[in-house]
Amino acid sequence: MTAEGEWRGWRAAAEEALYGADGFYGGEAGPAGHFRTSVHASALFAGAVVRLLGAVDRLLGEPPELAFVDMGAGRGELCAGVLRALPSELAGRTRVYAVERAVGRPPGLDPRVEWQDVPPEGVAGLLFANEWLDNVPAEVAEVAPDGRVRMVEVAADGTERLRAEPSAEEAAWLERWWPLAGAAPGTRAEIGAPRDAAWAVAAGTLRRGLAVAVDYGHERAARPPFGTLTGFREGRETRPVPDGSCDLTAHVALDACAAAFAAAPAGASGPGPALLTQRQALQGLGVHGGRPPLALASTDPAAYVRALSGAGEAAELTARGGLGDFGWLLCPVGTELPPLGAGPEGGGSG
């Protein structure tokens, strides 16, 4: 015990700090009051998601009912943006679901949005998880001074200590996805097995369609040596303290999530997952950051200003070193992958 309460693994501590009775996500400000996602950056993002939904619709043969499922919906911002951007030929057939466990339905949200705490089962369409998996809590492991891998425990004030060795399941995940054997003391890893399982379950709720996870992540060949667990409060990165006062987030091993999906029943009914950067994906969906032609400023100044603003927003969404480096994990269920992301960087398979 500490003066601030009991020692717990990071997974249990973050679970309560984010989603408990006094958790961060239940606060009045909501996520948008503390950090900015692609959804908040520009309406161009929702427009691109709508174009992806349209591509999925065509692959599914334009079914009578098409689902758009927003996992980790926050206050419903993306759902609202999607509804505003839906073309008339899709609007009449699209059913929009916001999936959020932390808070109830926000006041003033479009009544067409169906608010629930778990994703709908057996729907056909697009399941979209923007910055959801990074908030699925995970345990943290660290190489101790004696060279052994130990699990990290934390108190409510953020103080940490090393405890027992990983379980057999945790050790197996580390060996496959984030090896620590032989690493220097202080080297850390977040054990992403809960994210893998959560993603396989969420994608498995689709009968047919496409599940997409968008997050800042990493792959096995380039894991960060000291992990990525951090906190955010009022737009600033801060020390991660599991007391409900800040967001707690860690980058996602998207390649491990891809493998978990491929091994699940839903993954057996499609061509396999693909992993792109957000830059590739959005460019494949028509979001480009190029400046409008200068001649437009003379012929239609208002249109030029609008185009210039849109170009700036597109540049932010696709920027190297920023939002453009986010990973897009595309997991088809019973259908093909939509044709996007064939940019100069190429795409990786999960």
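Let me start with a word we will need: a residue is buried when its relative accessible area is under 20%, exposed when that is over 50%, and partly exposed in between, using a 1.4 Å probe and protein chains only. By that rule C246 is buried, at 0%.

Before going on, please remember that this is a predicted model, in which local features need pLDDT of at least 70 and side-chain atom pairs count only at pLDDT 80 or more, while totals for chains, interfaces and linings use all residues. Residues are numbered from 1 along each chain as its sequence is written, and side-chain values use heavy atoms, leaving out hydrogens and water.

Now to another cysteine, C331, which is also buried, with a relative accessible area of 0%. A disulfide is a pair of cysteine sulfur atoms within 2.5 Å, and the structure holds zero of them.

C331 belongs to strand β17, residues 327–333, where seven of seven residues are buried. Strands here are DSSP runs of E with at least two residues, helices are runs of H or I with at least four, and both are numbered from the N terminus. In a regular strand the side chains alternate between the two faces of the sheet. On one side of β17 we find G327, L329, C331 and V333, on the other W328, L330 and P332, and all are buried.

Who are the neighbours? Two strands pair if DSSP finds at least two bridges between them. β10 (residues 206–215) pairs with β17 in the antiparallel sense over seven bridges, and L210 has P332 as its bridge partner. β16 (residues 274–277) is antiparallel to β17 as well, over four bridges, with A274 opposite L330.

Finally, have a look at helix α9, residues 278–284, which contains R279. Is R279 buried or exposed? R279 is buried, with a relative accessible area of 7%. Its side chain reaches the backbone oxygen of T318 at 3.5 Å. For that kind of polar contact, we need a pair of N or O atoms within 3.5 Å; within protein, one must be able to donate a hydrogen and the other to accept it, and residues adjacent in sequence count only if both atoms are side-chain atoms.
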